[in-house]
Amino acid sequence: MARASSKKPRTPPLDPMPARVDPCLATLVDKPPKGPDWAYEVKWDGYRVAVYIEPGRVRILTRGGYDWTGKFPSIADDARRLAVKTAILDGEAVVLDDRGRSDFGTLQRALGRLPSPYEAGAIVFYAFDLLYLDGRDLRRLPLRERRRLLEPLVAGRQGAVRLSEEVQADGDEFFRVACAHGLEGIIAKHVEKPYRSGRGEWWRKITCKRRDSFVIVGFEPSTVPGHLGRLLLAARKGDDLVYVGGCGTGWSHELSRELRNLLEGISTKTPAVIVKRKNAAFVEPVLVAEVEYRAWTDDGKLRHASLKGIRELEDDATVFVLEPDE
């Protein structure tokens, strides 16, 4: 009679935890994709960040790789309470308005140099993907499997770390409802695909209005002393910046004065672009304005632009790029 083996079964080797993962980015499309392989989420209006949980430390990295753990103390603190040893959560840091909608302008003020009634503790993190868990790299798994592992960790929580709900619905109807409720738009994700860094077709975004980021290259003073009349904006074209018009709405009386002070603090005599406007004052091209707009004019200027928030270039803000032939 053969003797039973005394060898213990081998445990599978652990996957090393990545120090950083470049995020998967959604491609902008006009209509939601259809079919049973697509699931939908609200498009959150905040900062894309990933939460790295390890024994003894939590790191929160922006999509450009900047360590913003100190900017999100409540998220880092709540992440330590999750029932995991090691994990990487992908998601969005947001501030919610009184109707439960994410508000980028409010978030920017909570983090930035402008005065804000909001504390950093008001910022919450909505997790929508799980890339690594307790020794396993999950990026090779389809999204439906990653979500199956994510949901027990964060579903039902009301702290600073929460679950971004996934909706199985008709994409057109969900998009219509999202826009009717004043949301920025929706994200569609293919549930059978693995996680791939960079922009691809497996994640798609559908926005209710056009919204992009442009470099602030100057401003025009208001007729009201000490206030802002108009922001002057530029897009990238190759290695250069190109003037694309201005933005004269989207701020309160109070914010107008605060923005004027902020811009005067980075004024310069050397304009980053050529702008033929009589009252233009120029600034160092270090700030980026997120604006909502209806369309482009025939001469390449923004139509009906409204300010939604300001961030710094070093935050890895994605600046709109003009095609070479535009």
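The legends below accompany close-up views of a predicted model.

**View 1. Helix H3 and its buried face.** Helix H3, formed by the twelve residues 143-154, reaches 16 Å from its first C-alpha to its last, which is close to the 16 Å expected at 1.5 Å a residue. Its buried residues are Leu143, Arg146, Arg147, Leu149, Leu150, Leu153 and Val154. Seen down the axis of H3, these buried residues fall within an arc of 165 degrees, so they line one face of the helix. An α-helix has 3.6 residues a turn, so residues three or four places apart point the same way. After H3 comes Gly156, whose phi is positive, near 80 degrees.

**View 2. The largest nonpolar core and the surroundings of Val51.** The largest nonpolar core holds 35 residues, of which Val51, Ile53, Phe72, Ile75, Leu89, Ile123 and Leu130 touch the most other members. Among the elements that give two or more residues to this core are strand E3 (47-54), helix H1 (73-79), strand E6 (124-133) and H3. With its neighbours within four places in sequence left aside, Val51 is in contact with Val58, Arg59, Ile60, Ile75, Ala79, Ala87, Ile88, Leu89 and Phe125.

**View 3. A second, separate core.** This second core has 27 residues, including Phe214, Ile216, Leu228 and Ala289.

**View 4. Thr27 in strand E1.** Thr27 is found in strand E1, which covers residues 24-28. The relative accessible area of Thr27 is 16%, and the residue therefore counts as buried, the cut-off being under 20%. Leaving aside neighbours within four places in sequence, Thr27 is in contact with Arg199, Gly200, Glu201, Trp203, Arg204 and Lys205.

Note on methods. Residues numbered from 1 in each chain as written. Predicted model: local features only at pLDDT ≥ 70, side-chain atom pairs only at ≥ 80, totals over all residues. Heavy atoms only, no water. Helix = DSSP H or I, 4+ residues; strand = E, 2+ residues; numbered from the N terminus. Expected span 1.5 Å × (residues − 1). Buried < 20%, exposed > 50% of the residue type's maximum accessible area, 1.4 Å probe, protein only. Arc of directions from axis to C-beta. Core = buried A, V, L, I, M, F, W, Y, C linked by side-chain atoms within 4.5 Å. Contact = heavy atoms within 4.5 Å.
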